[in-house]
Amino acid sequence: MTPSLSLKPQLNQQTTAALLVMLLVDSFHLIFARMLAPLMSPFSSSFYVLTLATLQIALYATFTKRLDWQILKKHFSFFSTIGFLIAAATICSYTSVRFIDAGTASLLGRISTVITLALSYFWLKEKLTPRELMGALLCILGAFVISFQSSNVLRLGSLFVLGSVSFYALHIAVVKRYGEGIEFVNFFLWRLSMTAFFLALSMSLTGHLSLPPSGYAWFILTLTAVVDVLISRVLYYWALRKMRLGIHTIVLTLTPVLTVLWSVIFFDESPSWQSFWGGILVLGGIMIVVLAQRKRNLKT
């Protein structure tokens, strides 16, 4: 389904409510990863989270009689590609919070907007305005400020964050180009299934096969699967199909603010001043980019 070219219908009450809920649940992504970090390896925890989410959506598709194996067969290459990319992004994301606090990781993660912009330029052949380029450069400068600190641990954590957002941004570009016409329930089911498959493969190859160590671990895994995968990604893909990416990005720009708040509340962790100012540069660059995109969209 092609998103509307008009911005007006995207700002109704239903859309606004969905965006606010998406903002809230998206801000917990790295918080859940941080909660799971001391309990299990990132390979194991990400596998169990995606598997639990897959089982839940599979039950829903079965009971509503919407399960369609032919969609997987017809689009196997597509689902294999995005499954691999999401699995790699998830492992990198879950690993990053072992080295840096969730707030810093979330601030740095907003550089994904620049990566998406680069993909749209080099792959989708979309032209960039001078203002968009200026915003992108500001984001990159902020990423350097965050990443190049005295601690090698911070640098390693930053590399995992950048790896995560790069894989995820590439997956978004693939979905926007090849996946918008696929029926949503089956799209989401096979997207989760292939991701879980690649996570299981990575867990086996790296020797991280292990069961959750306690009932508390199962509780956090289940909560993460429901909130961070099912609710979060349903809203995410709904927004991706229903509205322009600019509005979607503006809202998600606020995610690090909430993530930093949750990080302080739950773990008594907060970004360093260097990370804070680097994050300000990143967020400022993103706002320049998305406002420039919105101005251009209003002219079309």
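Guide: One term before we start: a crossing is left-handed if the near helix is turned anticlockwise from the far one by less than a right angle, and right-handed if clockwise. Helices (H or I, at least four residues) and strands (E, at least two) are DSSP runs, numbered from the N terminus. This is a predicted model, where local features need pLDDT of at least 70, side-chain atom pairs count only at pLDDT 80 or more, and totals for chains, interfaces and linings use all residues. Residues are numbered from 1 along each chain as its sequence is written, and side-chain values use heavy atoms, with hydrogens and water left out.

Visitor: How many helices and strands does the protein have?
Guide: Reading along the sequence gives the pattern α-α-α-α-α-α-α-α-α-α-α-α-α-α. The count is therefore 14 helices and 0 strands.

Visitor: Is helix 3 roughly parallel or antiparallel to helix 10?
Guide: Helix 3 (residues 42-63) and helix 10 (residues 184-205) pack with axes 8 Å apart, at an angle of about 150°. Axes are lines fitted to C-alpha atoms, for helices over the stretch in contact, and angles run from 0 to 180 degrees between N-to-C directions. Angles under 35 degrees count as roughly parallel, over 145 as roughly antiparallel, 65 to 115 as roughly perpendicular and the rest as oblique. So helix 3 is, relative to helix 10, roughly antiparallel.

Visitor: In which kind of crossing does helix 3 pass helix 10?
Guide: Contact means heavy atoms within 4.5 Å, and here the contact includes Phe43 and Leu50 of helix 3 and Phe188 and Arg191 of helix 10. The crossing of helix 3 past helix 10 is left-handed.

Visitor: Does Ser45 count as buried or exposed?
Guide: Ser45 lies in helix 3. Beyond its neighbours within four places in sequence, Ser45 is in contact with Leu36, Met40, Tyr94 and Leu221. Buried means under 20% relative accessible area, exposed over 50%, partly exposed in between (1.4 Å probe, protein chains only). Because its relative accessibility is 1%, Ser45 counts as buried.

Visitor: How many residues of helix 6 are buried?
Guide: Helix 6 (residues 102-109) is largely enclosed by the rest of the structure. Its buried residues include Gly103 and Leu107, and the count is 8 of the 8.
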